[in-house]
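Keep the view open as you read.

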Amino acid sequence: MTDSKYFTTTKKGEIFELKAELNSDKKEKKKEAVKKVIASMTVGKDVSALFPDVVNCMQTDNLELKKLVYLYLMNYAKSQPDMAIMAVNTFVKDCEDPNPLIRALAVRTMGCIRVDKITEYLCEPLRKCLKDEDPYVRKTAAVCVAKLHDINAQLVEDQGFLDTLKDLISDSNPMVVANAVAALSEIAESHPNSNLLDLNPQTINKLLTALNECTEWGQIFILDCLANYTPRDDRESQSICERVTPRLSHANSAVVLSAVKVLMKFMEMLPKDLDYYGTLLKKLAPPLVTLLSAEPELQYVALRNINLIVQRRPEILKHEMKVFFVKYNDPIYVKLEKLDIMIRLASQANIAQVLAELKEYATEVDVDFVRKAVRAIGRCAIKVEQSAERCVSTLLDLIQTKVNYVVQEAIVVIKDIFRKYPNKYESVIATLCENLDSLDEPEARAAMIWIVGEYAERIDNADELLESFLEGFHDESTQVQLQLLTAIVKLFLKKPTETQELVQQVLSLATQDSDNPDLRDRGYIYWRLLSTDPVAAKEVVLAEKPLISEETDLIEPTLLEELICHIGTLASVYHKPPSAFVEGSRGVQHKRLPGSAGSGESVDSPDPGSAAGASEAPPAVIPSQGDLLGDLLNLDLTPPTTTGPPPAPSSGMQLGAMDLLGGGLDSLMGAGFGAAPAAMPASFSAPVSGGLDDLFDLGGGVGMPMGAYSPPKTIWLPAMKAKGLEISGTFARRAGVIQMEMTLTNKAMSVMTDFAIQFNRNSFGLAPAGPLQILTPLSPNQSIEASLPLSTVGPVMKMEPLTNLQVAVKNNIDVFYFSCQYPISMLFVEDGKMERQVFLATWKDIPNDNESQFQIKDCHLNATSNKLQGSNVFTIAKRTVEGQDMLYQSMKLTNGIWVLAELRVQTGNPNYTVSTLIFGV
Amino acid sequence: MIHSLFLVNASGDIFLEKHWKSVVSRSVCDYFFEAQERATEPENVPPVIPTPHHYLISVLRHRIYFVAVIQSEVPPLFVIEFLHRVVDTFQDYFGVCTEAAIKDNVVVVYELLEEMLDNGFPLATESNILKELIKPPTILRTMVNTITGSTNVGEQLPTGQLSVVPWRRTGVKYTNNEAYFDVVEEIDAIIDKSGSTITAEIQGVIDACVKLTGMPDLTLSFMNPRLLDDVSFHPCVRFKRWEAERILSFIPPDGNFRLLSYHVSSQNLVAIPVYVKHNITFREGSSQGRFDLTLGPKQTMGKAVESVLVSSQLPRGVLNANLNPSQGTYTFDPVTKMLSWDVGKINPQKLPSLKGTMSLQAGASKPDENPTINIQLKIQQMAISGLKVNRLDMYGEKYKPFKGIKYMTKAGKFQVRT
């Protein structure tokens, strides 16, 4: 006798019959009837009409019947709220039952009934159960708080359940602790800023103790919670790591992966020369390998995470290449992931083995997999330079197989190899051309056309080949059409005499017969270029192309850091930050890896002392930290037009800058500087005087022409940190315009083009007034001078030090960041001369708080005021008191703040004393 | 956490649904069905499928898809592990995990699911505890229940759930006290055309069946514990003791459980038990192909290789195969192109072989894929890594248990490329 009989009622009066049975006097019949009802419910039949009859069965001593009725209630209470109230009394009574199992069951079921009226009655029993003497009841009640919060968050807060829950973290029973953590984590997800899980060393210690004793699921919750903690120093970090490491040997793979997450994160804090660091690295490999022998679904999730781990710390698995070799009966999703990791681990040492495997895969049955394997061969060629030759010959072998999709895929990757190693493997072009006819996929056709166009001068019948493609121009996909257009224009520029007709034909096809705007626009541009200035056309169309590198398929480092913090989650499976896809995560906090104390990864900023004293602080290269890179990449890199109004606050720049602020820069500042001075005026004086100091420093020395002082150029961005681009520069003020003068030197091997510049928000709203004018590509070892006019209408944010400017420069290779400081004198405006009367009155009005004094030493000043005037520091009055010369001066900053200064010179003494007063307008 | 669970059979019907929070419409499974349709093989359905409001995480076991619905960020492994645990529990309770078995026991299934998860949080997943809460159906109990009207829901609080050994139920009593341990090793290997090993590794497990009265405390030591450097333990194993002394010390759960699983990946430790000589060729222009396969024992330490089963997916162009086995029987399925040869035991004196021809479609070109040969085998009384148990001791109880240890080697994913 089995339960399947419950499924076999198909008669019309089914509900009616059940009703009769439910109201039967016989216990046994009642129970059978409830079972039938439950069975119908499980397959999705609507049996809600039986609600009152089922609820009537609730008053029973029979535990099974009770449970069955509870099951029913949970399902249908929502649709029958009024009826559900009838059940409340029984629940409340059950919560007082001497049997803890019944108490727990009652409070658990009540939490599952998602009816507002019932939740009100739930509060009191729940409060009691949270403090129940039996841990089984407490742990059930902890989860119930999360349920209640899901139904009515306000109620939970008002009733103070959250505090009770927090107290449970210190409970003596590990299972209660684990459930409390789980409940708090779930609640915290909908309150990202509530700081519910306030982790401090004491709670961490409690969690670590509970970790050893609770169930596997509890361990997952606790480990995930631990991962959110940031240890105070490397010693604490190490001690947590030591206590988490045993979890790597757990049979439950989710526990293992959560432990890996904690270790990967806290490892960042450990100094690399520590013995323990090496030990930990070694311990991480075996559990990751073991995950790959589990069920395919587990393997898939593990592989997605390993993909992140090998990008962040390739050393962990560098000797484990073989476990990623594909077995022919792996599911396709596992195969593709393994392939990806094989490429990431490929190095000179193992490339022969990898290539042999890839070649093997290329003869398999599954088309998707074969394609990806062929592509992988190309990626190996690009990644491991020494293997390129071997890869190309492997690809040629594969082309010889004449298997259609293999050939097409091979041609697509060979195109990439050509781009990485120009002028090296062109001998294979002949072989490629033989296979022209078999290409039927747009990507392969486009790749082939690109090759023909790019190497038109070496292919004798290039014109014929391209002409053959042109015949079916209208039937091609846009990708192919665009490529064909470009290729024919290239051909024309290389062999102008024979191909005039062809280029005419393609241009008219593109401009007149096509309704695709991209194609039309490109056609017109070529047409005009060719007709107006063929030389320029040559420069544009045949310009040297940037090299591609394997980094193109790496995950961008900031995202990678965030994903490492999310190992084991959905984010790590999709390789997207949680904010990008998790529903309802309005304010998911971006997690970051903690910085290591003494490692080179930390921010390399000038220390505040020297920065305040000299405006020529050493340049700070901003490492791509936080969201900086991501957001700046999204920035529109065209600066605002020169004469336009200040950019609206909602412009892309503004938004990007805000993100800059929220993301990376906060940590940047935190790392380098102490607490920012509180009040604006008070903090103003130091940097300003710093600027003045500079100004005066130069007073002696070489005879300076009239005009603003401009410090000599310093290196802002060393070539090492910017893939070969070196930028040195300075600031100057010419004819009332602030100029940023830069020398860009290309120390790389390839040509640089497409320069653009962007500033972060800064204290005085400096922003480029026009685009960076670098028109010609920058060849290797060439330098170029660029002068960028700046406006002061950009978005403002106070920087520390005040004259710090953070700059992003983009070229065809990457985006680079550095920071530099401008002399404050750049900001002194021409109309900074104050009327004497006003000066006197103002001098008195400024509170003494705003005054600062300092000395300038060793200055030989003869024509001080003249020189200063060149820098827009205006002398208002001069008088002599008690053998001291007093100079009174005024300056006005671009943002309307006035600076008044009194310069006291003791005759015969080269030292000056300056008092500065500042006030805003 | 886990919101809902749908069970889907091979033909794409939802035959059971369970919701732990609010009800999610079963239309959410349409996204799963789409993915299922796209997949060429049932096992190729991706395990994580995003939908506009939910994520579907599924596992395929016993030709049933277990599809979990989640709504917020939940560790996918957590869900997958839980689903596997559900399957294991069903199997434990009903002997098999099939659609029919689940339907037959739907009320128990429902009760189990309710006990295993509370609001999406795992509640009781240890089989020992579950069995205390809900008694597994047996023919006898079903009879008794029907007659007496009693139930299969336990009246007791699952005491084990709160003790320091939550995996063991209390009050265990046996008249025959016995503890059996099976050391089972599976070799995963890829052998290339020329017979050299590309990768080989061993996945080993020690499965236990412990029926001991009271609270026994066991220790298990090995002759060569250094083999075990990559291990995963059942929660009952005291990790500190293992770290320090390389001894497994534990209070076992009652009944069947997996004590530990381990992984031996260092190549020199992995012996390859059989070799395969193969010659599978097709000639251009001919509609015939030759098939020639011979098996022989390699590093077996003198033990017999048994239950050998050779299978291979022949190229799609093959219409039929006309082969002659020297022993055992073979079948060729012309639809799936799957050739399988049940060899049985390998006799080292007379090596088994399978020879003959394959017929191709007339005029078809020579197939370009090379079939891979998959081998299954068993070797009794030997763990191929050489792992050996030294001794098993029991503390904490007075009686003398009967102890037994068995070794076995199997082929896992053992593949020979041609």
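A polar contact is a pair of N or O atoms within 3.5 Å; within protein, one atom must be able to donate a hydrogen and the other to accept it, and residues adjacent in sequence count only if both atoms are side-chain atoms. Please bear in mind that this is a predicted model, in which local features need pLDDT of at least 70 and side-chain atom pairs count only at pLDDT 80 or more, while totals for chains, interfaces and linings use all residues. Residues are numbered from 1 along each chain as its sequence is written, chains are lettered from A and ligands numbered from 1 in the order in which they are written, and side-chain values use heavy atoms, with hydrogens and water left out.

With that rule in hand, look at the boundary between the two chains. Across the interface of chain A and chain B there are 20 residue pairs in polar contact, both residues at pLDDT 80 or more. On the side of chain A that touches chain B, the most residues come from helix α8 (residues 135-151), which gives 8; helices (H or I, at least four residues) and strands (E, at least two) are DSSP runs, numbered from the N terminus. That side of chain A divides into 51 nonpolar, 19 polar and 25 charged residues. Here Ala, Val, Leu, Ile, Met, Phe, Trp, Tyr, Cys and Pro count as nonpolar, Asp, Glu, Lys and Arg as charged, and the others, Gly among them, as polar.

How much area do chain A and chain B bury between them? The figure is about 8400 Å², with 58% of it on carbon and sulfur atoms. In chain A, Trp217(A), Tyr328(A) and Leu570(A) lose the most area to chain B, together 9% of what that side buries. Buried area is the accessible area (1.4 Å probe) that two parts lose on being put together, summed over both. The contact, meaning heavy atoms within 4.5 Å, takes 95 residues from chain A and 95 residues from chain B.

Now for the charges. Side chains of opposite charge can pair when their charged atoms come close. A salt bridge is a side-chain nitrogen of Lys or Arg within 4 Å of a carboxyl oxygen of Asp or Glu. Over all chains, the structure holds 49 salt bridges, and 10 salt bridges cross the interface of chain A and chain B. One of the pairs joins Arg61(B) to Glu295(A), with the closest N and O atoms 3.9 Å apart.

Another salt bridge brings Lys147(A) and Asp118(B) together, their closest N and O atoms being 2.7 Å apart. This pair crosses between chains, from helix α8 of chain A to strand β6 (residues 117-118) of chain B. Lys147(A) is buried at 2% relative accessibility, and Asp118(B) is buried with a relative accessible area of 1%. Buried means under 20% relative accessible area, exposed over 50%, and partly exposed in between (1.4 Å probe, protein chains only).

Within chain A, Lys36(A) and Glu21(A) meet in a salt bridge at 3.3 Å, N to O. Lys36(A) lies in helix α2 (residues 27-42) and Glu21(A) in helix α1 (residues 14-22), so the pair ties together parts that are 15 residues apart in sequence. Lys36(A) is partly exposed at 22% relative accessibility, whereas Glu21(A) is buried at 16%.

Next, compare a lysine without such a partner. Lys265(A), in helix α15 (residues 253-267) of chain A, is buried yet has no salt bridge; the nearest side chain of opposite charge, Glu561(A), is 10 Å away. For that count, Lys and Arg are positive and Asp and Glu negative, while His and the chain ends are not counted. A polar atom of the Lys265(A) side chain does lie 2.6 Å from the backbone oxygen of Ala227(A).

Finally, return to the chain boundary and find Lys21(B), in the loop between β2 (14-19) and α1 (29-38) of chain B. Lys21(B) counts as buried at 15% relative accessibility, and its side chain makes a polar contact with the side chain of Glu186(A) at 3.4 Å. Leaving aside neighbours within four places in sequence, Lys21(B) is in contact with residues including Arg114(A), Asp150(A) and His3(B).
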